[in-house]
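Hi everyone, thanks for making time.

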Amino acid sequence: MQIKSKAIVISALKYQEKSLIVKCFTLSHGLKSYFVRDAFSSRKTSQKMAYFQPMSILEIEATHKNKGTLEYFKEIKIASPFHTIHSDIYKSTIVMFISEILHHSIHEEEKNETLFTFLETALHWLDNHDEIANFHLILMLEMTKYLGFYPDISDIDMPFFEINEGVFTPFSGTNSLTEHESNLFKKLIALKFDNDQKVFHVIERQILLKILIDYYAYHLDGFKRPKSLEVLKEVFA
């Protein structure tokens, strides 16, 4: 099957000496892995590698055999060139972290157009703004809407948030956040990308990041703590 689609690069792993295995979240077919032969063996190597940086948005033509094996690109071009994301240390650290989160969150070869559109819009926002300290926190929370475990906020006035049920409750349980943590979480729920990015202190952001990772780990089978987490903490310390 020949397909044309937008695709967001999730990861690119070197295979043997010259090739790549590129995992993409495509608009038309969800998660797909592609084999790129001889990615390191021509004068266009640097150009090819630019396509496969974390969270790059591509326009692809590809051959899909849909047999659970690696697929092949026919044509690739950058759909939406970024101006700052891959050159700014803060932004490049964020997209490396987010790509790892997605790698451990999306497993099915099913399209999720609403998640794709949300990610594409969010990445353009990141590319065009400088106040970005809470971007990864807001993005992780908003992504749960599309992954199926956004917190139930119907009782948000209750003092404690239960990680396992995803609800606010009047009493503290085994898997509850503390009252202080719950209040920080409520603050995050109310945030949008365009809100004041100085609303949290560094320590508060680190608390929220731990809460979100624990929340993902509880609700997604096979979710792993991102290796880039410590780098993210260091850069935003």
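Okay, let's start with helix α3, residues 113-128, and helix α4, residues 135-147: they pack at an angle of about 170°, and their axes are 10 Å apart. Keep in mind that this is a predicted model. Anything over 145 degrees counts as roughly antiparallel, so that's what we call α3 and α4. The crossing of α3 past α4 is right-handed.

Who's touching whom here? On the α3 side you've got Thr114, Leu115, Phe118, Leu119, Ala122, Trp125 and Leu126, and they meet Phe135, Leu139, Glu142, Met143, Tyr146 and Leu147 of α4. Sorted by class, that contact has 11 nonpolar residues, one polar and one charged. If you like helix geometry, remember that an α-helix has 3.6 residues a turn, so residues three or four places apart point the same way.

Now, α4 has another partner, α5. What angle do α4 and α5 make? About 85°, with the axes 10 Å apart. That makes α4 and α5 roughly perpendicular, because the range for that label is 65 to 115 degrees. In this contact, Leu137, Ile138 and Leu141 from α4 meet Phe185, Leu188 and Ile189 from α5. By class we get six nonpolar, no polar and no charged residues.

Last stop, α5 itself, residues 179-189. Which of its residues are buried? Those are Ser182, Leu184, Phe185, Lys186, Leu188 and Ile189. Their cover includes α4, along with β6 (160-162), β7 (167-169) and α6 (202-219).

How values were computed. Residues numbered from 1 in each chain as written. Predicted model: local features only at pLDDT ≥ 70, side-chain atom pairs only at ≥ 80, totals over all residues. Heavy atoms only, no water. Axes fitted to C-alpha atoms, helices over the stretch in contact; angles between N-to-C directions. Helix = DSSP H or I, 4+ residues; strand = E, 2+ residues; numbered from the N terminus. Parallel < 35°, antiparallel > 145°, perpendicular 65-115°, else oblique. Left-handed = near helix turned anticlockwise from the far one by under 90°. Contact = heavy atoms within 4.5 Å. Nonpolar A, V, L, I, M, F, W, Y, C, P; charged D, E, K, R; others polar. Buried < 20%, exposed > 50% of the residue type's maximum accessible area, 1.4 Å probe, protein only.
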